[in-house]
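Me: I would like to go through the labels used for this model and ask what each one rests on. Please set each value against its cut-off.

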Number of protein chains: 2
Amino acid sequence: MISVTLVGSGNVAHHLAQALDLAPEVQFDLWVARNPKAVDLKVNTIVSDGLGDAIKSQIVILAISDDAIAEFSASMSPSDTLLVHTSGSVNLHDMDKKHSRGVFYPLQTLSKKRSVDFSTIPICIEALERKDLDLLQSLAQSLGCSSKIISSEQRLALHLAAVFVNNFSNQMYRIAHEITDSERLDFDLLKPLILETAAKVQYLSPFQAQTGPALRKDRKTIKRHLKQLANENHRLIYEILTKSIQQTHGK
Amino acid sequence: MISVTLVGSGNVAHHLAQALDLAPEVQFDLWVARNPKAVDLKVNTIVSDGLGDAIKSQIVILAISDDAIAEFSASMSPSDTLLVHTSGSVNLHDMDKKHSRGVFYPLQTLSKKRSVDFSTIPICIEALERKDLDLLQSLAQSLGCSSKIISSEQRLALHLAAVFVNNFSNQMYRIAHEITDSERLDFDLLKPLILETAAKVQYLSPFQAQTGPALRKDRKTIKRHLKQLANENHRLIYEILTKSIQQTHGK
């Protein structure tokens, strides 16, 4: 049994609370939310607006905004607990050194409105001592998740890579949406293609999965596409990404 | 019952042959492949290297390369058949006008190595006469697919939009792969995020689904990310897409 206190009420906290509540080998001691009454998730634990003085959990998870982590950790009294944050971009050492410190970063885009199978999320863990790593590994396992030891520097790289696959891919979808709108076409037509593009790289590398006019160096189609694009920024993005694909594939 | 002849042996032809073969209401008359011996798919039809003189099918589908469509259609004798191509970017009128002409464009990325559920693919259809549109609609239905009447001009816009969601998203995955490689991180860690990013816009619009430092105008993180990127082109792509997200969201 691993005892856990969770701090925060944002998107990550919401999904973590749900997973902690469901895990049979986790004792969910306390959920700290700035405004307990605003918590709209039913869980089998006490929801409070403060940590209190005596922390009894083995792990305290800070699922709060990046900017609040250092200050919150400084405000806590020292204890035997392992203090971890869930951020992709905050260094472990930004937390006050009076605590045993670690990181428990679920690498997924989480929003309250959308339920995800928590067990599919890889957890990036970090800690200063072997026993703390073991404890975080056990916690991930209790939630049904795989975990990987990732240094703070590596985590920064992962966070950057995540911007490309998540925010920037999503912007590709957005530009496509603007194109379909401009021709009074239903964006829904592209949805199976969007899903398959993501599904393909679960088995093939992105290098192997690439297709299209840039890869084929199909100048006629590329020229026509550029002419079709009324938006100057979209034209620039098309040119730069076409060039990027051709560089990747040595063309 | 709809009778069909298929011409071609590439990726689209391969998947179409499989779907035609399985559809109970389709009579798959003939499969024309340049090299019948190289066809490595078992189907319940004759595989031949030529169309022959007497075309008996109601529909002949040209699933051949874009550049070959005009010439192939010109080389065919006129008949009562409806001649359609499967290309996203070839105009209906590029086919010889001695034929009844149409388009049957499956909007999906297809490769022989990867099986897809054909029934999830939207088919973009086009024809000059109502009865031909009805016939193509029935064919799509027989394959379990939804279909939509799309003009040649709209089809060009869809093809362009597909480059953004498919080729360019895939290049985002590729750049992420280069970033994880450079830190000796496993690209697999990003796979659930890639899938979820695509799954999210099946329910939310890309506008609603956007998150991240560009949207939040989080200058500190953006600056650090740019510093992290060793590759000058990746830096340029990061800057331009960050700007694009901020323009989309009026920031």
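**Labels and their grounds**

Reply: Both B:Glu196 and A:Arg114 are buried. The model is a predicted one.

Me: What makes the contact between B:Glu196 and A:Arg114 a salt bridge?

Reply: The N to O distance between the side chains of B:Glu196 and A:Arg114 is 2.6 Å. A salt bridge needs a side-chain nitrogen of Lys or Arg within 4 Å of a carboxyl oxygen of Asp or Glu. The pair is therefore called a salt bridge. B:Glu196 belongs to helix α5 (residues 191-200) of chain B, and A:Arg114 to the loop between β6 (100-106) and β7 (123-127) of chain A, so the pair crosses between chains.

Me: What is the distance between the closest N and O atoms of B:Arg114 and A:Glu196?

Reply: For B:Arg114 and A:Glu196 these atoms are 2.6 Å apart, and the two residues form a salt bridge.

Me: Why is the pair B:Lys220 and A:Asp67 called a salt bridge?

Reply: The closest N and O atoms of B:Lys220 and A:Asp67 are 3.8 Å apart. The cut-off is within 4 Å, so the pair counts as a salt bridge. This pair also crosses between chains, from helix α8 (residues 219-228) of chain B to helix α2 (residues 66-75) of chain A.

Me: Are B:Lys220 and A:Asp67 called buried or exposed, and why?

Reply: B:Lys220 has a relative accessible area of 64%, and A:Asp67 has 66% relative accessibility. Exposed means over 50%, so both residues get that label.

Me: How do you know that B:Glu126 and B:Arg155 form a salt bridge, and where do they lie?

Reply: Their side chains meet at 2.8 Å, N to O, and the limit is within 4 Å. B:Glu126 is in strand β7 (residues 123-127) of chain B and B:Arg155 is in helix α4 of chain B, 29 residues apart, so the pair links distant parts of the chain. B:Glu126 and B:Arg155 are both buried.

Me: What makes A:Glu129, A:Lys131 and A:Asp132 one network?

Reply: A:Glu129, A:Lys131 and A:Asp132 are joined by salt bridges that share partners.

Me: Why is the pair A:Phe164 and A:Phe168 called edge-to-face?

Reply: A pair of aromatic rings is described by the distance of the centres and the angle of the planes. For A:Phe164 and A:Phe168 the values are 5.0 Å centre to centre and 85° between the planes. Rings pair if their centres lie within 6.5 Å, and planes over 60 degrees apart count as edge-to-face, so the label applies. The two residues are 4 residues apart in helix α4 of chain A, which means a separation of about one helical turn.

Me: Why are A:Phe164 and A:Phe168 called buried?

Reply: The relative accessible area is 0% for A:Phe164 and 1% for A:Phe168. Buried means under 20%, so both residues qualify.

Me: What are the values for B:Phe164 and B:Phe168?

Reply: The ring centres of B:Phe164 and B:Phe168 are 5.0 Å apart with planes at 85°, so this pair is edge-to-face. B:Phe164 is buried at 0%, and B:Phe168 is buried at 1%. A search of the whole structure finds 8 aromatic pairs over all chains. A:Phe164, A:Phe168 and B:Tyr238 form one aromatic cluster.

Me: Why does B:Thr45 count as buried, and which residues is B:Thr45 in contact with?

Reply: B:Thr45 has 16% relative accessibility, under the 20% limit, and so counts as buried. B:Thr45 lies in the loop between β2 (26-32) and β3 (46-48) of chain B. Leaving aside neighbours within four places in sequence, B:Thr45 is in contact with B:Phe28, B:Asp29, B:Leu30 and B:Trp31. A polar atom of the B:Thr45 side chain lies 3.1 Å from the backbone oxygen of B:Asp29.

Me: How many residues does each chain give to the contact, and what area is buried?

Reply: Chain A gives 86 residues and chain B gives 86 residues. The buried area is about 8,600 Å², with 65% from carbon and sulfur atoms. A:Phe164, A:Val165 and A:Leu189 supply 8% of the area that chain A buries against chain B, more than any other three residues.

How values were computed
Residues numbered from 1 in each chain as written. Chains lettered and ligands numbered in written order. Predicted model: local features only at pLDDT ≥ 70, side-chain atom pairs only at ≥ 80, totals over all residues. Heavy atoms only, no water. Contact = heavy atoms within 4.5 Å. Buried area = accessible area lost by both parts, 1.4 Å probe. Phe/Tyr/Trp six-rings, centres within 6.5 Å; stacked < 30°, edge-to-face > 60°. Buried < 20%, exposed > 50% of the residue type's maximum accessible area, 1.4 Å probe, protein only. Polar contact = N/O pair within 3.5 Å; in protein donor to acceptor, adjacent residues only side chain to side chain.
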